[in-house]
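Please look over the sequence and the structure shown here before turning to the briefing. The notes that follow are grouped by topic, and each can be checked against the model.

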Amino acid sequence: MRGEASIIDISKWVKKPVSKQQIEPLCNSFNITPLLASVFVRRGITEGRDLLYYLEDDLRFQHNPFCFSGMEDAVERILQAKEEGEKVLIFGDSDVDGVTSTAILYEQLVKMGIDVSWRLPLEDDGYGLNITAIDDFAAQDGTLIITVDCGISNNDEIAHANDLGIEVIVTDHHNPPENLPEAIIIIDPKIEDSNYPFDGISGAAVAYKLVSALRFADTDFYGAEICILELTENQEEKCFYADCVKIKNLVKIKELHEKIVPGQTSIYDLKLPYFLQGQLIYSWDSKATLTLLSQIFGRGIEFNLNDLRNEISQIIPAVRGKTATQVKALSQIAKYYGETSELMSIYNLYVTYCKKLIAQKKPHQAADEQKDLQLVALAALADIMPMKDENRIFVRNGIASIKKLRPRAGLAELFNRLNINIEALTSTDLSWTVIPALNAAGRMGQSDLALKLLISENPREREQLANTIYDLNETRKNLVSDACYKVHETAEQSLAVHSNKLCICVDQCINKGVTGIVATRLMQDFNVPTIAITYENEVCTGSMRSCRGFIATNFLDSLGDIYINHGGHNFAAGFSFYKENLEIFLNKVQAAASSVMLEDECSDIFVDAEIPPEHLTPENFSLIDTFEPCGAESPELILMTRKIKLIDTMVLGKKEPHHLKLILDTGKYKIPAMFWGQAERLKKDIQIGKYYDILYNMSRNYFNGTVTKQLIIKEILPSGDM
């Protein structure tokens, strides 16, 4: 009986204990409620630099594109291509990440006046850059290829391009192979010396970073080096402290921190004069700094200082007349990063100043950035990037841009065809509706349709493309449904052959464009890493979807050099090989299965917070906003309320009445709740007038312009069973 099973499951509702000592510092430091602080503590999000991305939306908090070690070289090579009138090819991938990456970079290069074309894998093409595309481009006298969302594993293809005199810039985000390709520049946050502070961004985000760097190159700040100097006198120690930072493209490139004791520190031993030599020097208060310099060096050495406070206050009036100490107290970044020096606060303020000045002088850049972020948001969700760090900034700003500025061209037509409610748009809507439709074009071998939709300047063409993509998605759904039905039994039988640690299915009935979806469905059914393979024209194409801590790319790598190509992410990878190698592949997988190590299954449901009925108020629904977007590594909040009274029920369902709508009484408010697919429990273990313990998500329902706060019930049990 359903009720009995639920009583057994109740022991799996796990709410980690948190203490007042854990919660109070977060409440005091970040001005958040104890409820919100308790959720953060339970999720292990307690460091300021992590909390920042939940509590802030400002694009100022994204990472500088020039953090990438190869970014300036990439910008210079592209500017050279523009200056010399070279032909440039952007080569992308067929999925949403690859298509959006291509669109973002293509539109920017077109605006720069570069002779640029694009190409995506179609029909029989495998993943990544291919020889045919390179040869075709060479025949057109092309000289520069830029890969987006691919390229990191294309060693042979890039070597072939080099032989033809074509240079290649790789922009990618996939796991790199042991030996990197010999591209002139590689921009991938996962390579060892990338220097980028976060490696979890999508391919579209990498392309967006390149585009952001190209836009910055069109400003007066590009390539300029400055030095910020802060001198302080310590009267107790009778010494001076010199703190300096050199900046190029708004990135710190070198720092100097030196203690100077008059009468003891020889001028010849000081590093400061050499550090400042030939630099454009700024100080927050140049007059005060010059006075201290004269005390240290006398009047024999002349320093030319620019007053940073005066310059910045023209754009940010709030800092006018403020001391360096006062500026530090105002710093948002200092708030999240703890003990930050006055120098770093001034540096961060300088970066903000530069960005504001650029926005004033070049407003079109900000508008273009908003359009790009709509695509970056889609890519982050489509490629299941971790919803932490700057990915949260990307998705929040992308969705906000769609809502406030309306969808960009291409998305507008697709949203209309899919009947998307823009006002109610969430990351879940994008993941479950928009992204599958865009992906359908690539899965059906026509990824060029999705790209043309995003870059076409013809409204009628975009509308036709949206209709075609919609139809392709309907076809894709049928292909997935049919394939899953046909292979499910053989897939289940494969478990025993692979020590119940892997699931394998090989069947020509699987359309090669949907191997990833089929693998995902089977992985979810059997909770083990799964490989789905199909074959056509003597080539096998496959996808691997992994779980329980098992790294897909490492496993595929371990099977040896049998692939035409392979690569991907930790939990989602793809490959192809000649059909003659199929038996070899399957034997290798079977031999390796017994040594596969999977993390233990966990049936516990971790509760983020318990909210008493009297605190289940409309105001507390703001929790949704803090944790949206939800996704990988940041799931929806699971909340619990005990002893709440059920005062009304209604069975819903257009064709068949499967769903329950409940009305719960908190004492002050009547809260609606939906319990999907559980209509049969009415009058069995769910009855009006009784008290229940509930497990749920919070949500908002948008209907006919009305917004209703509601709960989505995950489980409901009579009170007293806990």
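**Cavities, strands and aromatic pairs**

Around the second largest cavity, the lining residues divide into six nonpolar, one polar and no charged. The model is predicted, and a search of the whole structure finds two cavities of 30 Å³ or more.

**The largest cavity**

- About 60 Å³ of space lies in the largest cavity, whose lining is made up of one nonpolar, one polar and six charged residues.
- The residues concerned are Ile 104, Glu 107, Gln 108, Lys 111, Arg 215, Asp 368, Lys 371 and Asp 372.
- Two helices, H6 (96–111) and H16 (363–382), each supply at least two residues of this lining, and the largest share, four residues, comes from H6.

**Aromatic pairs**

- The count of aromatic pairs comes to 16, and one of them joins Phe 40 and Tyr 54 in an edge-to-face arrangement, with 5.6 Å from centre to centre and 75 degrees between the planes.
- This pair links distant parts of the chain, since Phe 40 belongs to helix H3 (residues 34–42) and Tyr 54 to helix H4 (residues 48–55), 14 residues apart.
- Phe 40 is buried, with a relative accessible area of 0%, and Tyr 54, at 6% relative accessibility, also counts as buried because the cut-off for that class is under 20%.
- The ring centres of Phe 68 and Tyr 196 lie 4.2 Å apart and their planes meet at 10 degrees, so this pair is stacked.
- Phe 68 sits in the loop between H4 and helix H5 (71–83), whereas Tyr 196 sits in the loop between strand S6 (185–187) and helix H9 (203–216), so that the pair links parts of the chain 128 residues apart.
- Both Phe 68 and Tyr 196 are buried.
- Elsewhere, ring pairs link Tyr 563, Phe 575, Phe 577 and Phe 585 into a cluster.

**The five-stranded sheet**

- Five strands form an open sheet of mixed pairing, in the order S12-S13-S14-S16-S15, and its edge strands, S12 (503–506) and S15 (565–568), each pair on one side only.
- From one strand to the next, the twist averages 15 degrees.
- Within this sheet, strand S14 (residues 539–545) pairs with strand S16 (residues 572–578) in the antiparallel sense over seven bridges, and Arg 545 has Ala 572 in S16 as its bridge partner.

**Strand S19 and its partners**

- Strand S19 (residues 639–652) runs parallel to strand S18 (residues 609–610), to which two bridges join it, and here Glu 610 stands opposite Met 640 in S19.
- Strand S22 (residues 691–703) runs antiparallel to S19, with five bridges between them, and Met 640 stands opposite Leu 695 in S22.
- Strand S20 (residues 659–665) is also antiparallel to S19, joined by seven bridges, and the bridge partner of Lys 645 in S20 is Asp 665.

Note on methods: Residues numbered from 1 in each chain as written. Predicted model: local features only at pLDDT ≥ 70, side-chain atom pairs only at ≥ 80, totals over all residues. Heavy atoms only, no water. 1 Å grid on protein atoms, 1.4 Å probe; cavity = no way out; pocket = protein on both sides within 12 Å on 5 of 7 lines; lining within 4 Å. Points joined across faces, edges and corners; volume = space filled by probe spheres on them. Nonpolar A, V, L, I, M, F, W, Y, C, P; charged D, E, K, R; others polar. Pairing = 2+ DSSP bridges. Axes fitted to C-alpha atoms, helices over the stretch in contact; angles between N-to-C directions. Phe/Tyr/Trp six-rings, centres within 6.5 Å; stacked < 30°, edge-to-face > 60°. Buried < 20%, exposed > 50% of the residue type's maximum accessible area, 1.4 Å probe, protein only.
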